[in-house]
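Hello,

Here is the structure I promised to pass on. Please open it first, then read my notes below.

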Amino acid sequence: MELNAVTIGFAVFTIFTLGGGFGVVTTRNLFQGTIWLMVSLFGVAGYFILLSAPFLAAVQILVYIGAIAILITFAVMLTRSVTRIKARYVRLIPSFIGSLVLFLILLLGITIPIFGGQLPESAPEYVATTRELGTALVDENGFVVPFMLASVLLTAAMIGAIFIARDENA
Amino acid sequence: MNILNEWAFVGLFAVMAPVFPALPIVIAWLFRPRKPNVLKSSTYECGVETIGDTWVQFRVQYYIYGLIFLVFDVEMVFLFPWAVAYNEMSLFGFVAGFLFIFLLTDALFYAWKKNALDWK
Amino acid sequence: MAPLWMYLAVAAALFSLGVFGVLSRRNAVAILMSVELMLNAVNINLVAFWRYSETGTDLLLNGYAFTAFVLIVAAAEAAVGLAIIITVYRNRRSVIPEQAVALKG
Amino acid sequence: MDELCTGLCRLMVDSGADAGLAQFLSLLVGVLLVSGVPLLTVILLIWIERKVAARIQDRIGPNRVGPIGLMQTFADLLKLLGKEDITPTSADRWLYNAAPLVSFASVVLIWAVVPFTPFHYGVDLEIGALFFVAVASFGTLAIMVAGWASNNKYALLGAFRVVSLLVSYEVPLVFALLVPVLLAGSMSMLDIVNAQTGMWFVVLSPLAFVIFYVSSQAETGRAPFDLIEAESELVAGFNIEYSGMKFGMFFAAEFLHVFTNGILMALLFFGGWLGPLYYESPLIAFAWLGLKGGVIYLTTLWLRNTVPRLRIDQIMAFNWKFLVPLSIANLIFISAALKVMQEIGWAPRDMIGAGFGELVPTTVVLLLINGAMIIYLLGILRKRGQEARRESQATRAALAHAAADQGAA
């Protein structure tokens with residue numbers, strides 16, 4: 001593997017993604033955990049760029065770092081005593097073994113492709129653009145039904161969450 | 001590979017961008033006086049010693065604003081491609097986008113009627 | 001360009017980290033964050049498969065669009081999940097899921 | 001900077017340098033050139049801002065250091081360099097130090113997609129318009145981190161207020177941003193400017209511009225939305241624990257952000273470098289962009305120094321009950337009218353390359369729609385204002401009455 005911008009980028013984003021993920025599951029302080037989560041998701045956005053999907057990368061940053069990080073922080077502050085819980089984990093050993101086994105199985109599935117042919121080494125030249133996504137979203141033969149359902153889902157989520165979170169006494 | 005070249009520029013820009021503000025801070029670190037004392041590096045609040053972690057009386061309203069913002073922000077995932085493809089789409093495509101926005105506006109209207117938008 | 005299996009390996013590692021967090025963390029907010037990790041691992045896979053798949057006419061956008069939908073679901077899940085955590089905390093002063101047993105049969 | 005890079009690249013490869021290294025170095029030169037623009041302007045901006053504020057407040061402003069006080073910023077910089085840098089013992093050191101860097105970097109990074117002339121730009125991303133919104137969200141997170149890492153109640157309270165203000169005003173901002181994207185049919189900044197050859201977007205949708213202007217004023221935390229620095233209530237807001245150069249970085253980021261917004265508005269709504277003779281020379285094009293951005297920037301300073309600060313409940317109500325519905329309605333009306341006109345053939349399918357003549361019917365119809373909306377809105381605002389005035393008069397009368405009663409007793 002030669003050293004070029006893509007491989008350097010891949011290495012950096014891998015450190016971000018996995019390091020951030022490690023931080024999320026180990027940190028005691030939930031605010032720091034949120035920051036670790038954002039580091040991890042930033043790395044994922046980097047992967048999207050390497051995979052020629054810059055629109056998804058921008059949206060990933062907009063949604064996660066711009067909105068979900070803020071929301072999680074607010075929730076952490078609302079449930080403040082959480083930062084003082086002494087025990088971080090329950091069932092530490094079994095879950096560690098379980099997830100390690102899962103990882104090994106997944107890795108085996110990737111490296112020994114018993115479920116199909118060889119994995120492709122190189123990607124095709126052509127990449128879809130954002131405009132094509134937009135056209136497909138509102139196309140009768142495209143994604144117009146999921147597009148509408150997404151709107152319904154978001155509406156339901158917003159109404160539901162407001163209904164749940166609102167303090168009736170205040 | 002053209003698209004990745006563009007992003008290599010952005011990547012380098014992103015690496016350099018924090019370096020510019022870091023430079024004066026590092027220079028200042030070399031020159032600045034260092035005379036810390038307990039009083040100086042205590043939390044700058046009201047004079048009485050600070051007790052416990054930082055925590056302030058927190059309103060659920062902050063969360064609700066964040067929540068509505070989140071929903072509208074996620075909506076952009078679809079609205080930006082829709083806007084970009086706008087010139088090429090038929091009337092049907094426009095109506096689909098219109099319904100999409102309209103449903104979300106409904107949710108905003110619900111929040112308004114339930115007084116969830118008021119800062120109490 | 002890095003070969004496909006590298007992306008899949010990273011996604012597998014991230015997914016396992018998420019599973020570990022969900023199973024072991026005590027705090028509901030931390031569990032929710034771990035779920036976000038898992039969803040993002042899935043997203044890496046979706047985009048990677050989309051990028052490396054042979055571009056047939058029908059499959060051109062499937063992975064791309066599907067990732068966007070997963071993003072939306074993740075956001076909705078975070079919003080509602082956090083709202084539930086806040087409400088449970090308000091009523092029971094606890095964020096440990098094992099203690100929210102009021103609806104248990 | 002594309003041509004420059006290829007030129008520089010070839011030069012270095014010809015003189016025997018490694019191809020990869022040459023590419024990296026030319027990329028680095030490009031980055032330094034593009035980022036040099038905001039970094040140099042910010043020094044000037046601080047002086048301009050102080051001078052303008054002074055004039056508005058009937059003062060002279062900095063006038064001692066250098067000719068007409070031009071060197072004042074450097075003097076300030078030297079002063080900040082010599083300041084002791086206090087980190088509270090209870091602060092979270094890593095996050096505390098990272099926050100000012102991220103805050104400043106998030107503003108500088110916007111300039112990566114800002115085109116200066118038709119041929120001189122850092123990079124023309126396909127998702128340019130979305131890029132700067134996404135990058136700006138780092139700034140929001142940085143404020144949150146700064147507030148939390150200081151481990152100070154005022155800082156945290158200030159950060160929460162500011163963040164909820166920022167996220168709230170991002171909704172109308174993005175909806176207003178969708179209008180130029182929709183009209184140009186592209187998110188690339190270059191395409192958006194080129195699509196305005198026939199008609200500036202500010203003429204097609206003045207409302208979108210007004211919404212963008214107001215919400216970007218809020219995004220930068222300037223009056224009347226200056227909850228960030230509500231000195232009288234929050235001591236200084238999220239940056240209370242910061243001192244020396246780190247505090248300076250938050251400040252510089254804010255100054256730069258205001259100017260950046262001016263340039264962005266010039267690009268999105270006022271046709272960027274388009275103007276008489278812009279094609280003659282890149283310098284003229286650059287001058288047009290600077291002039292337009294500068295004028296918009298000066299109006300924001302003017303606004304900042306003349307209006308009072310609003311309460312947080314007023315700010316939030318104004319956003320969620322007025323600006324957000326308005327921006328959604330604006331987007332819907334504009335897109336509906338344009339689509340109908342495209343279907344019957346009155347409007348061009350593609351703004352890029354459409355001449356002034358083709359756009360006359362579009363302009364007339366869209367302007368009429370916007371005008372009708374503005375008149376309707378002014379009616380609503382007038383009614384609200386009257387109600388508020390009546391209410392306050394009633395309270396004042398009641399208070400006077402109570403005082404009179406007390407005096408009698």
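This is a predicted model: local features need pLDDT of at least 70, side-chain atom pairs count only at pLDDT 80 or more; totals for chains, interfaces and linings use all residues.

I start with helix 14 of chain D, which covers residues 360-408.

How many of the 49 residues of helix 14 of chain D are buried? The number is 3, so the helix lies largely in the open. The buried residues are D:T362, D:L366 and D:N370. Their cover includes helix 8 (201-204), helix 9 (206-219) and helix 13 of chain D.

**Helix 13 against helix 14, chain D**

Helix 13 of chain D packs on helix 14 of chain D at an angle of about 155°. The two axes are 10 Å apart. Angles over 145 degrees count as roughly antiparallel, and therefore helix 13 of chain D is roughly antiparallel to helix 14 of chain D. Their crossing is right-handed.

Which residues meet here? From helix 13 of chain D come D:L326, D:N330, D:F333, D:I334, D:A337, D:L338 and D:M341. From helix 14 of chain D come D:P361, D:T362, D:V365, D:L366, D:I369, D:M373 and D:L377. This contact divides into 12 nonpolar residues, 2 polar and no charged. D:T362 and D:L366 belong to this contact, and both are buried.

**Chain B against chain D**

Helix 13 of chain D, residues 312-344, also packs against helix 4 of chain B. The angle is about 165° and the axes are 11 Å apart. That makes helix 4 of chain B roughly antiparallel to helix 13 of chain D. This crossing is left-handed.

On helix 4 of chain B, the contact uses B:L91, B:F94, B:F98, B:I101, B:T105, B:L108 and B:W112. On helix 13 of chain D, it uses D:K321, D:V324, D:I328, D:I332, D:S335, D:K339 and D:E343. The contact residues split into 9 nonpolar, 2 polar and 3 charged.

Now the whole contact between these chains. It takes 52 residues from chain B and 68 residues from chain D. On the chain B side, helix 1 (2-16), helix 2 (19-31), helix 3 (60-84) and helix 4 (91-113) are the elements that give two or more residues. Which of them gives the largest share? Helix 3 of chain B does, with 10 residues. The chain B side holds 39 nonpolar, 7 polar and 6 charged residues.

**Chain C against chain A**

Here 61 residues of chain C are in contact with 70 residues of chain A. Helix 1 (4-24), helix 2 (28-52) and helix 3 (62-92) of chain C each supply at least two residues of the side that touches chain A. The largest share, 19 residues, comes from helix 3 of chain C. By type, the chain C side has 46 nonpolar, 10 polar and 5 charged residues.

**Chain A itself**

Chain A has 6 helices and 0 strands. Along the sequence, its pattern is α-α-α-α-α-α. The chain has 170 residues, and buried residues make up 46% of them. Take the contacts in chain A between residues at least 6 apart in sequence: 41% of these join residues at least 24 apart.

Best wishes

Key:
Residues are numbered from 1 along each chain as its sequence is written. Chains are lettered from A and ligands numbered from 1 in the order in which they are written. Two residues are in contact if their C-beta atoms, placed from the backbone, lie within 7 Å. Helices (H or I, at least four residues) and strands (E, at least two) are DSSP runs, numbered from the N terminus. Ala, Val, Leu, Ile, Met, Phe, Trp, Tyr, Cys and Pro count as nonpolar, Asp, Glu, Lys and Arg as charged, and the others, Gly among them, as polar. Axes are lines fitted to C-alpha atoms, for helices over the stretch in contact, and angles run from 0 to 180 degrees between N-to-C directions. Angles under 35 degrees count as roughly parallel, over 145 as roughly antiparallel, 65 to 115 as roughly perpendicular and the rest as oblique. A crossing is left-handed if the near helix is turned anticlockwise from the far one by less than a right angle, and right-handed if clockwise. A residue is buried if 20 or more other C-beta atoms lie within 10 Å of its own, exposed if 12 or fewer, and partly exposed in between; C-beta atoms are placed from the backbone. The expected span of a helix is 1.5 Å times one less than its number of residues.
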